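The sequence and structure come first.

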Amino acid sequence: MASEASQTMSLKVLVEKEKNRIVFVEANKDFVDVLFSFLTLPIGTIFGLTREHSLDGEFGCLNNLYETLEKFDEDFLSSEHKGILLHPRCATDIYCRNLKVDLVECNKSKHYACGNCNMVRYYPFDSCQCGNASCYEFNLLDPVTQVGSGFIKPTLRFMITDDFQVLPMSTTAGLSLLGNFGAFDWGKTEERMLNIGKDEVLKLLKCSLASRTPFSDSILEPPFSKTEPMINYGQYEPRMMKLSQRDVDTRNKDEKINLKLFINRSNNRALYAEVEENFVNLLCSFLSVPIGYIIKECPYLSFMGCLGNLRKSVQDLDVNKFFKSEEMKAILLDPKLAPGTTYVNKLIGIEEVVNLSWSTLTSLFRITSTRLSSESRLKMGVGLVKGPSMFLVMDSLSIAPLSPISGMSLINRLKVPVSDIQELEVNMGEEETLRLLVASLVSRSALTDAFVRKKTKQET
């Protein structure tokens, strides 16, 4: 593992002294690569990294989902599969393993392959594309070339604004940013040199999810923000997917997931849902989705803080001048799932990244391999949660084994008259799944916002 000193990066920061705000930051390729890698991180990875520092409810309902999975016993979820859910692999593993700050410790990640197929897997599933069991585990050592190190060309330097706009170096742009602060008087500004490491990058990641000034909030002392970053809870309107009817019919054929909602009609809120294990698997799969995919599909969510600006910067930067290849830019703009992550019925349009071949990987890294014992090979099957099983899912996405007594006790505690309870059957397709995914991030009543309020609006 890299030492703390080797994971330290230097930033030149221009601060407007009166307002104690950062005007912009000057940084090199190392830091910008780390920033851009935020877009590729799975939601579950981000939550695991920042949960100790996050604001209450900052991730909508995901804290409840995450904590439920942590407590699931072996009757419903094996410890191996629990690790896959709580610490999902990143599809950009090989490009992030040599970043200056390694947030997810990609250098510790292992890869797998069978004795017959030439394709590499991220998980030791019982079978790979050719149908054979994965029987080799291997580690990636020193890179043969620098291809696997980041997204940006070497030697480049950038200006980064407090709200995560990444710009090419330019005196004109710097003067314009100064003008936005009314700080043309150089005496109102102060230049500082800062060294930041993993702790500071984690704070920056957390602030980037909810703050419009993440640099000021995470770097300046005392912090610029005197109040908690504002997050928009409640009803939302995610962007509709632009798919042809043929695409929808093809993808969702035989992939429907059903749930039974129990609703309090007087306040039009969901109490809980009765579901099978396939719905719980769907919820689990949300943790593997890269945050950049949500920004791409639902660009107007206020929850996202400044990551939308970060994605737009990637979009605006010239691919030939700044990126190592068109592939590197595409990886950031359209993040995909890690190989082997599509372990449920896929009801949204996110794709799994194409597996690298053994020959490609060995051309990039030195490799050591060991043979797996039959006992150590994970059996994925069609899902992670054991079935057939029935579960009770709360409006806040807490999950428990189905118990009619528990459901009736909840209704009693909430003082809901039996005559006020309505049952609603929900058939999950692509639109419903995307709405629930977004609601899990921005709302503390995900079932209500994804299904009940939407239904009422349509009826009205």
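## Strand pairing around β5

Two strands pair if DSSP finds at least two bridges between them. Helices (H or I, at least four residues) and strands (E, at least two) are DSSP runs, numbered from the N terminus. β5 and strand β6 (residues 166-168) are antiparallel partners with 3 bridges, and Leu167 of β6 is the bridge partner of Met159. The β5 and β6 hairpin has 4 residues between its strands, and Phe164 takes a positive phi near 70° there.

β5 also runs antiparallel to strand β2 (residues 21-28), joined to it by 5 bridges. Here Val25 has Ile160 of β5 as its bridge partner. Of the 5 residues in β5 (residues 157-161), 4 are buried, where buried means under 20% relative accessible area with a 1.4 Å probe, protein chains only.

## Basis of the model

The model is predicted: local features need pLDDT of at least 70, side-chain atom pairs count only at pLDDT 80 or more, and totals for chains, interfaces and linings use all residues. Residues are numbered from 1 along each chain as its sequence is written, and side-chain values use heavy atoms, with hydrogens and water left out.

## Chain overview

The protein chain has 18 helices and 13 strands. Of its 460 residues, 52% are buried.

Among contacts (heavy atoms within 4.5 Å) with a separation of 6 or more, 74% are between residues 24 or more positions apart.

## Largest pocket

A pocket is an open set of points on a 1 Å grid over the protein atoms alone, where a 1.4 Å probe fits, with protein on both sides within 12 Å along at least five of seven lines; lining residues have an atom within 4 Å of a point. The largest pocket holds about 600 Å³, a volume being the space filled by probe spheres set on the points. It is lined by 28 residues, of which His87, Pro88, Arg89, Val104 and Ser109 are the closest to its centre.

α2 (43-50), α3 (62-71), α4 (79-86) and β3 (110-113) each supply at least two lining residues, and α2 gives the most, with 4. The lining has 14 nonpolar, 6 polar and 8 charged residues.

## Second largest pocket

The second largest pocket has a volume of about 310 Å³. Its lining has 17 residues, with Ala91, Tyr95, Glu327, Ile331 and Val353 the closest to the centre. α5 (93-96) and α14 (326-333) give two or more residues each, and α14 gives the most, with 3.

Notes: Ala, Val, Leu, Ile, Met, Phe, Trp, Tyr, Cys and Pro count as nonpolar, Asp, Glu, Lys and Arg as charged, and the others, Gly among them, as polar. Buried means under 20% relative accessible area, exposed over 50%, partly exposed in between (1.4 Å probe, protein chains only).
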